[in-house]
Every structure is written in C-alpha cells, then in structure tokens.
Amino acid sequence: VAILDWVAPSVAPNINAATARVLDAAGIQTLLAPNEGCCGAVRFHMNDQDGGRAQLRALIDAWWPLVEGRDGQAGVEAIVSNVSGCGLMLKESAHVLRHDPAYADKAARMASLLRDLSEMLPELAPALLAAHPDGLGRGRPLAYHPPCTLQHGQRVRDTVETWLPRLGFALQRAASEAHLCCGSAGTYSVTQPELSQQLRDRKLGQLQGRGDVIVSSNIGCITHLQSGTATPVRHWIEVLDAALGGQPDL
C-alpha cells in the first residue's frame, strides 16, 4: 500500500493519474491523504524557512492517520513521491524538524517510509512483465533527463536507466552531461531566467534527437525543458502508463 505525493495537480494532473494506474497494474493499492498540501520545498528555496517548516508540519498532519493506520487497518507500507524535488524535501524532513519536539519523531517516521517512484521500479517491472512477457516499450526511443534532486539530492541513480530498458524501451541519456542541471533548479528559473535558459538550451541540445519523447522525474525539470522545445517532455510514468493502455499514446 502506498500514499502518493500528489504534487502540482493543476500543472500536470496526468502524472498523478498515470502513477495510480501503473501501481494498480502491478497490484499496489494507492491511498490519498485528504487535504494534502505543499511539502514546503518552494518556500525553502526562497529562504522562507519558517514558512517551509509550517507547510511540512501540515503535510505530516494530513498523512499521519494513514501512516498510523485507521479503521482497524495497518498503516501504509510506503509513501511514494512522483516528483523528485518533493521527495528530496520529504526525505530530509527528519533533519529539518529534528529540533521540533512535536514533530521530530513523526518526521523521522515519514522520512523512513518515503520512496521516489523510480525506487519502486524493481518491484513494478517484474509484476508488469509477468502480465506482458514480451515487454511494453517495443523499442520506443526515449531521451532521459535524471533530475539533480534525484541523482544528486536523493542519490538515487540508474533505476530508470536500468528498468525502463528491461520493460522494452530504448532509453538514452545526455551523452556526457547527464549529471548537469537543466536550469530549473527549484526557483532558479524564476530568479535567474537568463542563466536558467542557457542551461536549458544546453541540456536540450544533448537530449533532442535521442528519442521521440524526453522523459524525466520532476515537474520542475519537465515544465522547464518543455518551454524550450516542441518535443514532448513527460514524466516517464506517463509513457509507461500509455504503453499499458491507460491513456492515448503520447
């Protein structure tokens, strides 16, 4: 059982729906925390640390009944984030609230349950392949941008790169610059637009032509890259969902 970190529903609601459908196809039940709000990361980017902590506490309050369990049911097994920037913030929540007597233990518990969606792939892929032994991607070429918040912040590397090819996709990263930022960087694209666009264009120069879709794992990267190209930029879970028939092909 997993709770999803529903983020940016007004920007890209399809990411959330696709995530739920793919988890369901792999036999994983999705639960939603009512009245879930922001994780506080954007406020921290703007150095509003008090405001960020307040949002983080409110988020913990929204999730806590599902973490503890309700109506005689056990608590959830994992909290799954489909946005790597939010996932990083939530994995760091134990550190951020370590001096808060009312929330330190709760934050530590939440952080211990948090998994980026890509970390679910070793469980998702075998279940999906059992139902689709010939694979799902059919060799479809995808260009992949691993977000900084995933590969450097969470230090989650090579999961998407390993498992999407096993599901039948032809995945390629930027040849020599996969480790570099795309220019989104939280609020950097707003506060430093000129430099941010330079980084974006450099990244797109490495990605375009490597696939008919550019995929990533963070809403900030996705929207920022999409602003500079006509090539579709999507979350990789959307492409996997389309291959499962959950939505029209992208």
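## Briefing on cavities, pocket, cysteines and backbone

The largest cavity holds about 60 Å³ of space. The model is predicted, and for that reason local features need pLDDT of at least 70 and side-chain atom pairs count only at pLDDT 80 or more, while totals for chains, interfaces and linings use all residues. Residues are numbered from 1 along each chain as its sequence is written, and side-chain values use heavy atoms, with hydrogens and water left out.

**Cavities**

- The structure holds two cavities of 30 Å³ or more, where a cavity is a set of points, on a 1 Å grid over the protein atoms alone, at which a 1.4 Å probe fits but cannot get out; grid points are joined across faces, edges and corners, and a volume is the space filled by probe spheres set on the points.
- The largest cavity is lined by Tyr 144, Pro 146, Leu 150, Gln 151, Val 156, Arg 157, Asp 158, Thr 159, Val 160, Glu 161 and Arg 173, lining residues being those with an atom within 4 Å of a point.
- Helices α8 and α9 (159–166) each supply at least two residues of the lining of the largest cavity, and the largest share, three residues, comes from α9; helices (H or I, at least four residues) and strands (E, at least two) are DSSP runs, numbered from the N terminus.
- By class, the lining of the largest cavity has five nonpolar, two polar and four charged residues, with Ala, Val, Leu, Ile, Met, Phe, Trp, Tyr, Cys and Pro counted as nonpolar, Asp, Glu, Lys and Arg as charged, and the others, Gly among them, as polar.
- The second largest cavity holds about 30 Å³ of space and is lined by Glu 177, Leu 180, Cys 181, Leu 199, Arg 202 and Lys 203, a set that divides into three nonpolar, no polar and three charged residues.

**The largest pocket**

- The largest pocket, a pocket being an open set of points with protein on both sides within 12 Å along at least five of seven lines, holds about 640 Å³ of space.
- Its lining has 33 residues, of which Val 42, His 45, Gly 186, Asn 218 and Gly 220 lie nearest the centre of the pocket.
- Helices α2 (41–45), α4 (84–91), α8 (148–153), α10 (188–191) and α12 (219–226) each supply at least two residues of this lining, and α12 gives the most, with five residues.
- By class, the lining of the largest pocket has 20 nonpolar, 12 polar and one charged residues.

**Cysteines**

- A search of the whole structure finds zero disulfides, a disulfide being a pair of cysteine sulfur atoms within 2.5 Å.
- Cys 86 is in no disulfide, and the nearest cysteine sulfur, that of Cys 39, is 3.9 Å away; Cys 86 is buried, with a relative accessible area of 10%, where buried means under 20% relative accessible area, exposed over 50% and partly exposed in between (1.4 Å probe, protein chains only).
- The sulfur of Cys 181 lies 4.3 Å from the closest cysteine sulfur, in Cys 148, which is too far for a bond, and Cys 181 is partly exposed, with a relative accessible area of 25%.

**Helix α1**

- In α1, Ile 15, Asn 16, Ala 18, Thr 19, Val 22 and Leu 23 are buried.
- These residues cover an arc of only 165 degrees around the axis, which puts them on the same side of α1; the arc is that of the directions from the helix axis to the C-beta atoms.
- An α-helix has 3.6 residues a turn, so residues three or four places apart point the same way.
- Just after α1, Gly 27 takes a positive phi of about 85 degrees.

**Loop residues**

- Most residues other than glycine have a negative phi.
- Asn 47, in the loop between α2 and α3, has a positive phi of about 65 degrees although it is not a glycine, and Asn 47 is exposed, with a relative accessible area of 57%.
- Arg 138, in the loop between α7 (121–131) and β5 (141–144), has a positive phi near 55 degrees and counts as exposed at 82% relative accessibility.
- Arg 70, in the loop between α3 (49–68) and β3 (78–81), counts as partly exposed at 40% relative accessibility.
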